[in-house]
Amino acid sequence: MIGTWVSILPPIVAIVMVLVTKRVLLSLGSGIVTAALLVASFSPVDTLQNLWTGMIVSFWSEGELNTYNIFIMVFILLLGVITAFVSLSGGSRAFADWAVKRIKTRRGAKLLTVLLGILIFVDDYFNSLAVGQIARPITDQHRISRAKLAYFIDSTSAPICVISPISSWGAFLIGQLALIFGTSAAISYSPLSAFLMMAPMNFYVIATLAMVFFFAWTNIDYFEMKRHETRAQETGELFDPNKEIPGQLKEDFPIHSYGRVIDLIAPIITLVIVTLGMMIWTGYRIGGSASIWTIFENTDVPMSLMVGGLAGTVLAAVLYISQMGKNETASYNLVGKAFISGVSAMMPAILILIFAWGLTHLIGVLETGPFLSSVVEQSNVPVNFLPVIMFVLAGLMAFSTGTSWGSFGILLPIAGTIMINAEPELLLPALSAVLAGAVFGDHCSPISDTTILSSTGAGSNHIDHVSTQLPYALISAGIATIGYIILGLTGSVWIGLAAVIVIIAGLFAVWTSKRNKAEVRATSY
């Protein structure tokens, strides 16, 4: 069953279950059980062994500690503790009060969130969690739903990282391009210059960022997102209180009115500075070179996040303890409670990640990705349409497996080999289409770790985030698909890009016109 069509069943089961039941852990568990049965060819003993492996792979893999995943989980827990301390000290309230005096509109709050998402481009994990911590007090004050915040975070993390050369993604992809270009002496450009040239060919990222700015600037929303935004504006409920919200502190956790802006700003700035410093240090230590590209290619992101989280947690605790004697409600007894409350608030996200990583591991054993890629290799399609084929396939692969990097590793060499031999002029568009499709699939997959972390950073229910973001992501993907089809028909990247821009502009004009007509009708009654 390995490497056959059967290998796509576990992700299909998990995704269908998520959409039908709205219960993430049950759905991921169903996918894991399905995968374990298939890997074991339905042997009961082997199935149990596979289930055990799937559950412990987040902690122990290939005979050693899985430090990558462990450090990510520790960082998430530490972020919960930081949140607890800045709330306990009144820092969140003070920062929100300070920001509201300066950011007086919902538009300003939304645009600030988008701007932060673009500026913090060094890593998608870091982006998802850090932007949420900074923006959440502001968006909460302006009654912007947590689902909308999660959409802004998710749509400016991976889409920005995949076109930024100075990022963990950029370094990885430049390294992949170097391997592909090394197989041909006919390539005249360097991996770095090729990466930069590919940015305007990433039609999905262009459409996604354009939509993010449109929805941040306007007060227009559609589909499930409209329901969340209407509820937030009319009732002040930023999320459904009956659903589990990662990062949401328990009601019995005391939040006090005393506080200063520095109680929130200092821990977050410390987290950012220490994390960036550790990324540079670990990249230099491993790569042995002061080159910025070498540093980001070799940096240890999870370790850097964990150390930055520890630094931020220590400072947040110290700032709270320093209130003793100034704030009559401050107490040493609450220090331990802050740790417990912060950790417990993040446990739903940790459990989802553990299950998602377990499913991803078993899908890898089933070779779902290689099976999907073999479909393209064996098909006889015109080479000019390979970019759109690669976009769709990368989207399906990343959506099914929950990982864009896995799709990169499998499809980039395939696209590179085919295009170098058949149509070198379309090499970069085909490679860029792989990047675009993988980001699209990862962007809206309910089993993607970046989707999970965006929900966590925003304090949104995970299924609410998936269901509200999916229609917007599909629209962007539809625009990108048309762009790649036109690129294939004309052989011109610029005509394809122009088509994407025209479609985006036309869509925005239609949405704005409908909103204006609705407002006129509302005022006429």
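## A charge over a ring

Which residue lies over the face of Trp-217, and at what distance from the ring centre? In this predicted model, the residue is Arg-107, placed 4.0 Å from the centre of the Trp-217 ring.

## Aromatic pairs

The structure contains 18 aromatic pairs. A pair of aromatic rings is described by the distance of the centres and the angle of the planes. One of the pairs joins Phe-85 and Phe-339 in an edge-to-face arrangement, with 5.4 Å from centre to centre and 85° between the planes. Phe-85 belongs to helix α4 (residues 67-88) and Phe-339 to helix α17 (residues 333-366), so this pair ties together parts 254 residues apart in sequence.

Phe-391 and Tyr-484 form a tilted pair, with centres 5.5 Å apart and 40° between the planes. This pair also links distant parts of the chain, since Phe-391 is in helix α19 (residues 386-401) and Tyr-484 is in helix α23 (residues 462-490), 93 residues apart. Both Phe-391 and Tyr-484 are buried.

One aromatic cluster is formed by Tyr-151, Phe-152, Phe-214, Phe-215, Tyr-222, Phe-223, Tyr-472, Phe-508 and Trp-511.

## Helix α17

Helix α17, which carries Phe-339, has 34 residues. From its first C-alpha to its last, α17 reaches 50 Å, close to the 50 Å expected at 1.5 Å a residue.

Where does α17 bend, and by about how much? The bend is at Met-347 and amounts to about 40°; a proline, Pro-348, follows within four residues. After the helix comes Glu-367, which has a positive phi, near 60°.

Asp-263 is part of helix α14 (residues 262-287). Is Asp-263 buried or exposed? Its relative accessibility is 1%, and Asp-263 therefore counts as buried. The side chain of Asp-263 makes a polar contact with the side chain of Arg-260, at 2.9 Å.

Apart from neighbours within four places in sequence, Asp-263 is in contact with Val-86, Ser-89, Gly-91, Leu-319 and Gln-323. Between the C-alpha atoms of Asp-263 and Ser-87 the separation is 8.9 Å, although these residues are 176 residues apart along the chain.

Note on methods: Residues numbered from 1 in each chain as written. Predicted model: local features only at pLDDT ≥ 70, side-chain atom pairs only at ≥ 80, totals over all residues. Heavy atoms only, no water. Helix = DSSP H or I, 4+ residues; strand = E, 2+ residues; numbered from the N terminus. Buried < 20%, exposed > 50% of the residue type's maximum accessible area, 1.4 Å probe, protein only. Contact = heavy atoms within 4.5 Å. Polar contact = N/O pair within 3.5 Å; in protein donor to acceptor, adjacent residues only side chain to side chain. Phe/Tyr/Trp six-rings, centres within 6.5 Å; stacked < 30°, edge-to-face > 60°. Lys NZ or Arg CZ within 6 Å of the ring centre and 35° of its normal. Expected span 1.5 Å × (residues − 1). Bend = angle between axes of the 7 residues up to and from the residue.
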